[in-house]
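Please look at the sequence and the model shown here. The paragraphs that follow go through them part by part.

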Amino acid sequence: MLDNRLSFFALAAVAAVSASAEMMDRPVGIRIGQRMTLKPYLSLSASYNSNVAGNADGSEDVTWTVNPGLTLEYLGEQLK
């Protein structure tokens, strides 16, 4: 249950950062020429393992995962 809470918290934090950037009416990403935009992103997640009997030292465990990435967006000409 705590695992779900941590995942939800990480997702909510990323969504809040994304939403605040959109609401500020600033360009998102790095413009390359007139049609391309490079958008960096960072995804964070955590999972909690409360299986004390399964660990060798009897301790609880939290695993954090960080996934950086880039999205390239290209706006082509509209066909009429």
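In which strand is the place of Ser47? Ser47 sits in strand β2, which covers residues 36-49; strands here are DSSP runs of E with at least two residues, helices are runs of H or I with at least four residues, and both are numbered from the N terminus. This is a predicted model, in which local features need pLDDT of at least 70 and side-chain atom pairs count only at pLDDT 80 or more, while totals for chains, interfaces and linings use all residues. Residues are numbered from 1 along each chain as its sequence is written, and side-chain values use heavy atoms, with hydrogens and water left out.

Ser47 has a relative accessible area of 33%, so Ser47 is partly exposed. Ser47 and Asp61 are 14 residues apart in sequence, and their C-alpha atoms are 8.4 Å apart in space.

Now take the chain as a whole. The protein chain has one helix and three strands, and from the N terminus on the elements run α-β-β-β. Of its 80 residues, 6% are buried. The accessible surface comes to about 6800 Å², and carbon and sulfur atoms hold 60% of that surface; such areas come from the Shrake-Rupley method with a 1.4 Å probe, and for residues only the protein chains shown count as cover. A contact means heavy atoms within 4.5 Å. Among the contacts in the protein chain with a separation of 6 or more, 53% are between residues 24 or more positions apart.

Three bridges join β1 to β2, and Ile32 has Met36 as its bridge partner in β2. The hairpin of β1 and β2 has three residues between the strands, and in this hairpin Gly33 takes a positive phi near 70 degrees. Between β2 and β3 there are 14 bridges. Lys39 has Thr71 as its bridge partner in β3, and Pro40 stands opposite Leu70 in β3.

Is Thr37 buried or exposed? This residue of strand β2 has 5% relative accessibility, so Thr37 counts as buried. Leaving aside residues up to four places away in sequence, Thr37 touches Val28, Gly29, Ile30, Arg31, Thr71, Leu72 and Glu73.

How many salt bridges does the structure hold? There are two salt bridges, each being a side-chain nitrogen of Lys or Arg within 4 Å of a carboxyl oxygen of Asp or Glu. One is formed by Arg35 and Glu77, with the closest N and O atoms 3.1 Å apart. Arg35 lies in the loop between β1 and β2 and Glu77 in the segment after β3 (61-74), so this pair ties together parts that are 42 residues apart in sequence. Arg35 is partly exposed at 32% relative accessibility, whereas Glu77 is exposed, at 63%.

The other salt bridge joins Lys39 and Glu73, and here the closest N and O atoms are 3.1 Å apart. Because Lys39 lies in strand β2 and Glu73 in strand β3, the pair ties together parts that are 34 residues apart in sequence. Lys39 is partly exposed, with a relative accessible area of 25%, and Glu73 is partly exposed, with 31%.

Last comes the surface. Ile30, Ile32 and Leu72 make a nonpolar surface patch of about 280 Å². Patches are made of residues with over 30% relative accessible area and no salt bridge, where like charges are joined within 9 Å and nonpolar side chains (Val, Leu, Ile, Met, Phe, Trp, Tyr) within 5 Å.

Conventions: Buried means under 20% relative accessible area, exposed over 50%, partly exposed in between (1.4 Å probe, protein chains only). Two strands pair if DSSP finds at least two bridges between them.
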